[in-house]
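Please look over the sequence and the structure before reading on.

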Amino acid sequence: MADSFIRFKDVSKSFGALTVVEGLNLDIEQGEFISLLGPSGSGKTTILMMLAGFESPTTGAVWARGKRIDLLPPHKRNMGVVFQNYALFPHMTVSENVAFPLRMRRLGRAETADRVTRALDMVQLGSFADRRPSQLSGGQQQRVALARALIFEPEVVLMDEPLGALDKQLREQMQLDIRALHRRLGLTVVFVTHDQTEALTMSDRIAVFNHGKVEQTGSPAEIYDHPSTRFVAEFIGETNLVRGSVETVEGTTGRIRLENGGTLSVEASGRLHAGKDVCLSIRPERVTLGTGPDNSFSARISDVVYHGDHLRLLVQGNEQSFIIKTDRSRRPPSVGDNIMISFLPTDCWVIDA
Amino acid sequence: MNRGRFRTQVTSLALVAPLLLFLIVFFALPLFTMMKSAVSDPIAANVLPATASALSGWDRESPPSAALQAAFVTDLKQIEDDQLFGDLVRRLNSAKSGFRTLMPKTRTAAKEAGEPLDLVALDKRWADNGYWQVIGVAASSTITDRNLLAALDLGRDASGEVAALPTGASANRAILLRTFSMALAVTVACVLIGLPFAMIAASVEGWKRQLLLGAVLLPLWTSLLVRTAAWFILLQDNGLINSTLMFLGLTTEPLALIFNRVGVIIAMTHVLLPFMVLPVFSVLAGIPKNLMPAAASLGAHPVQAFLTVLLPLSLRGVISGSLLVFMSALGYYITPALIGGAKDQMISSVIAYYATGAANWGMAGALGLVLLTATLLLYVVYLRLSAERELRP
């Protein structure tokens, strides 16, 4: 029935009285890198486990290549899974671990050895073939787990927060490595993470989850620039949220009356009509210091935070506090300064309140 | 700074001192005494000092010289303590019968007669070189391998060579073999029951796990004697097991479960099962939860996943559990004594017989030494095997 590669159709999952996933409809295309992003307890890992076959949906169905798979046992699904803590077999060497899927598929000895060598070379661990997992560092173990999940050329690779246990530098390196592998091998990757930066940098598409429901799916840019709900706006990156109601809509410009009495111009889309309560999301890096053609305010700096490559200003103006991200090319402002801030109407993203 | 370190060392030594002292006084010392009694044989050398020194000039094949005979008579005259003399006679008679009558007769004659005493004229047995050889062996050394050899059904023949004792004279080797085979049977039974049990206990959580572990631990809190007595009641011809089987119509007459090997192995398996389940369980509990799902995701059928992942990983627990069960089973005494028949007694009961029944501490010590050596050998083999497993890259 389904045209997409993988399709979740009205899938719900409850553990007793606790509903973890509710009415999930999600399509995954072949060859895409999709991240399931959400805070802990949002049901993203459960979705992955249902895809891998370790959990079965309470209601609904999971389809892959037009076939229903939610009743199939895990070992028949042909999906590579990379677990949070790698799940390497401690009693086997690195090459035995990597050869395991081929052994289960009763491949010939020569071909197995050949493919193991290639898989280990792919993750740059060729010289570690005879080590035990316990003799490897976290990053190396992660790469073994990756090689093991890829060696049997699965249709889909599922990754459950695979980089969570690594330190920042290694994590960023692995993010690049995994992305490169994805592109080179044309893999379909379903990547579960709670780290929004990771999701933004790695994915073709992100599905943001909250309380077992999809809040929004879209490309990283869509998710970041055009969050469809307050939760997404706040969860992805940092933002300034301003509440108000639509006063007038004239052509492409809408005027918003704020709660503190001021007004703002925003770019109007079809959704705006007078009297509607809205919430505006203005990203900190879109706010500029100085007067602009529209939306200029005076404000007072209450804190300056040094971040190395940029400064973060906390300003207070007219009962509304703002976070501003500014580069360091200008003379650094100091706490207590009165300044003007402004932003363009196109940088105000309107969310339904 | 060195002073500080010295003080810490003294303090830690003082903390372990009570345990160390306890172990020395109540374990190491008695053990050593028993071991020593197995090989020590000082009586003849102590009581017959002149004979002992005169022995050096004798080749053991030719008839004893007059000097040796005279030294022997001198020694006999000097013995005042009747009990000491009795010990000497018992020692010599245990090597060759005949000394029991020969020695008192010779002692009496030696005390009454003046010098020199013609021993062959007194009793023609003194012309038999065998008696002199026994005295020679006994008096020349304060240690002996007699008990150790006897523990293995061996002895020294007239020429001093190690040889098997005549069949029927001793059954120690058969009993040792039986002890090992019974301990092995109990170990195998414990693996067969304990491994699946530990796996089930490790796979469930909460109150179910507590219940399963409690069922294993509960017997540990009951006295061994009580548990054995309980099995005695259960296994009888009109006991619970047989009456149930007959009630269900599975058998028409009671199965022989008591006073035979089957009963002993059932009872010992029950008693020793916790020592198998607990190590296996602790190893299984330490295996990461996601290994089995990982194996499944990589294409392993549940049975394959079990055989290639869970079973090899639990093997370490099985080996240490087996070792624990096997070594404990080797020393079992009460259970075979109560539930087994005459043909199911293990080496401990023979040791107990020599120690308390026959007052032959030498033999008891020798059998204990043999058992200890065999056990230690097995342990060394185990250490070797486990060390190789660790070292494998």
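In chain B, the buried residues of α4(B) pack against α2 (43-47), α3 (49-54), α6 (99-112) and α7 (119-122); helices here are DSSP runs of H or I of at least four residues and strands are runs of E of at least two, numbered from the N terminus. The model is a predicted one, in which local features need pLDDT of at least 70 and side-chain atom pairs count only at pLDDT 80 or more, while totals for chains, interfaces and linings use all residues. Residues are numbered from 1 along each chain as its sequence is written, and chains are lettered from A and ligands numbered from 1 in the order in which they are written.

**Helix α4 of chain B**

- Helix α4(B) covers residues 66-78, and its 13 residues reach 19 Å from the first C-alpha to the last, close to the 18 Å expected at 1.5 Å a residue, where the expected span is 1.5 Å times one less than the number of residues.
- The buried residues of this helix are L68(B), Q69(B), A71(B), F72(B), V73(B), D75(B) and L76(B); a residue is buried if 20 or more other C-beta atoms lie within 10 Å of its own, exposed if 12 or fewer, and partly exposed in between, with C-beta atoms placed from the backbone.

**Helix α12 of chain B**

- Helix α12(B), residues 224-235, has 12 residues and reaches 16 Å between its first and last C-alpha, close to the 16 Å expected at 1.5 Å a residue.
- T228(B), W231(B) and L235(B) are buried in α12(B).
- Seen down the axis of α12(B), its buried residues fall within an arc of 55°, so they line one face of the helix; the arc is that of the directions from the helix axis to the C-beta atoms.
- An α-helix has 3.6 residues a turn, so residues three or four places apart point the same way.
- L225(B), V226(B) and I233(B) are exposed on the other side of α12(B), whereas the cover over its buried residues includes α13 (240-247), α14 (261-285) and α17 (334-339) of chain B.

**Chain B as a whole**

- Chain B contains 19 helices and 2 strands, and buried residues make up 31% of its 393 residues.
- The radius of gyration of chain B is 30 Å, whereas a compact globule of 393 residues would have one near 21 Å; the radius is taken over C-alpha atoms, and the globule rule is 2.2 Å times the number of residues to the power 0.38.
- Along its principal axes, the C-alpha trace of chain B spans about 100 × 80 × 35 Å.
- Of the contacts in chain B with a separation of 6 or more, 68% are between residues 24 or more positions apart, two residues being in contact if their C-beta atoms, placed from the backbone, lie within 7 Å.

**Chain A as a whole**

- Chain A has 8 helices and 20 strands, and 37% of its 353 residues count as buried.
- The C-alpha atoms of chain A fill a box of roughly 75 × 50 × 35 Å along the principal axes.
- Residues 24 or more positions apart account for 63% of the contacts in chain A with a separation of 6 or more.

**Nonpolar cores**

- The largest nonpolar core has 78 residues, of which A147(A), L158(A) and V190(A) touch the most other members; such a core is a set of buried Ala, Val, Leu, Ile, Met, Phe, Trp, Tyr and Cys residues joined through C-beta atoms within 7 Å.
- Leaving aside its neighbours within four places in sequence, V190(A) is in contact with I28(A), I34(A), L36(A), L48(A), L51(A), V156(A) and L158(A).
- A second, separate core of 53 residues includes M34(B), C190(B), F275(B) and Y332(B).

**Where the chains meet**

- In the contact between the chains, 19 residues of chain A touch 16 residues of chain B.
- On the side of chain A that touches chain B, β6 (79-82) and α2 (94-104) of chain A are the elements that give two or more residues, and α2(A) gives the most, with 3 residues.
- The residues on that side of chain A divide into 12 nonpolar, 3 polar and 4 charged; Ala, Val, Leu, Ile, Met, Phe, Trp, Tyr, Cys and Pro count as nonpolar, Asp, Glu, Lys and Arg as charged, and the others, Gly among them, as polar.

**Individual residues of chain A**

- D10(A), in strand β1 (residues 6-15) of chain A, has a positive phi near 50° although it is a residue other than glycine, and D10(A) is exposed, with 12 other C-beta atoms within 10 Å.
- R65(A), in the loop between β4 (59-64) and β5 (67-68) of chain A, is not a glycine but has a positive phi of about 50°, and R65(A) is exposed, with 12 other C-beta atoms within 10 Å.
- S127(A) is placed in the loop between α3 (109-122) and α4 (138-150) of chain A and counts as exposed, with 10 C-beta neighbours inside 10 Å.
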